[in-house]
Amino acid sequence: MASSPALTVMIAAVRKAARALQRDYGELANLQVSQKAPGDYVTAADRKCDKILREELLKARPGYSFLTEESGALKGTDPDHRFIIDPIDGTTNFMHAIPIFAITVALERRGQIVAGVTYNPITDEMFTAEKGDGAYLNNKRLRVASRTDIHEAVVAYEIPHRGEKNLPLSRAEIGALQGKVVGIRGFGSAALELAYVAAGRVDAMVCRNLNIWDIAAGMLLVREAGGFLADCDSEASPADTGNIAAANADLLPQIKQILADARKAV
């Protein structure tokens, strides 16, 4: 796989930031943790990773803007380009030494996501995509799963923490899915769940109340692997609503129908 200069820069920045996370991973007694909201935590490692990513990317692409979970919006002199960053997607897993979390970075050009990286520093799995050039895992081309029957599907459903809204709706959706699919998995990282859809590891994913930094790179991964994305409830873009369902063309309408039926029951 030949990467563009922009993607090469992103991969290098992610790998440098990952080294700090690899050192901190498992040091549970030494983690500095604060709570942003009920069930929503941030560690010193999040902030350190965020700082390294911004410094490395800015060094290579001066003038680009940033939108990151930990630093917010940082405006640059280039009006056309913006990096969208979540330094650790799956912070709760990281805090508990569960090896399912990721650094995820996307590059937006004039409002369109054109490159994305999602990297698990513990498993050394580097998911990458560029618009029009496919999705890859460690340079191996990805395709979404080909199953067409919802009754044969495994679905990733991101279980909300106690501070999130619409808990009754989420419980109803999980119950509705359980009656239709082979199994439901909650990994604790929406970024990785989208990457797993792209890789065909799970057939679909559903998650609500996300921010753009959680899903920007993952949405591109799914699309470039031949998958499709939709808002859980409407025809709006999931990038705008934060409510996302992802699957292949056959399963996505079936997932949306199950979610619609669950909403009626709440």
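**View 1. Buried residues of helix H8.** In helix H8, the residues Leu251, Leu252, Ile255, Lys256, Ile258, Leu259, Ala260 and Ala262 are buried (under 20% relative accessible area, with a 1.4 Å probe and protein chains only). The model is predicted: local features need pLDDT of at least 70, side-chain atom pairs count only at pLDDT 80 or more, and totals for chains, interfaces and linings use all residues. Residues are numbered from 1 along each chain as its sequence is written, and side-chain values use heavy atoms, with hydrogens and water left out. Helices (H or I, at least four residues) and strands (E, at least two) are DSSP runs numbered from the N terminus. The buried residues of H8 pack against helix H4 (167-178) and strands E11 (154-157), E13 (204-207), E14 (228-231) and E15 (244-247), where contact means heavy atoms within 4.5 Å.

**View 2. Span of helix H8.** The end C-alpha atoms of H8 (residues 251-265) are 22 Å apart, which agrees with the 21 Å that its 15 residues should span at 1.5 Å a residue. The expected span is 1.5 Å times one less than the number of residues.

**View 3. The largest cavity.** A cavity is a set of points on a 1 Å grid, over the protein atoms alone, where a 1.4 Å probe fits but cannot get out; lining residues have an atom within 4 Å of a point. The largest cavity has a volume of about 40 Å³, the volume being the space filled by probe spheres set on the points, which are joined across faces, edges and corners. Its lining consists of Tyr157, Glu158, Pro160, Glu164, Lys165, Ser170, Arg208 and Asn209.

Conventions
Buried means under 20% relative accessible area, exposed over 50%, partly exposed in between (1.4 Å probe, protein chains only). On a 1 Å grid over the protein atoms alone, a cavity is a set of points where a 1.4 Å probe fits but cannot get out, and a pocket is an open set with protein on both sides within 12 Å along at least five of seven lines; lining residues have an atom within 4 Å of a point.
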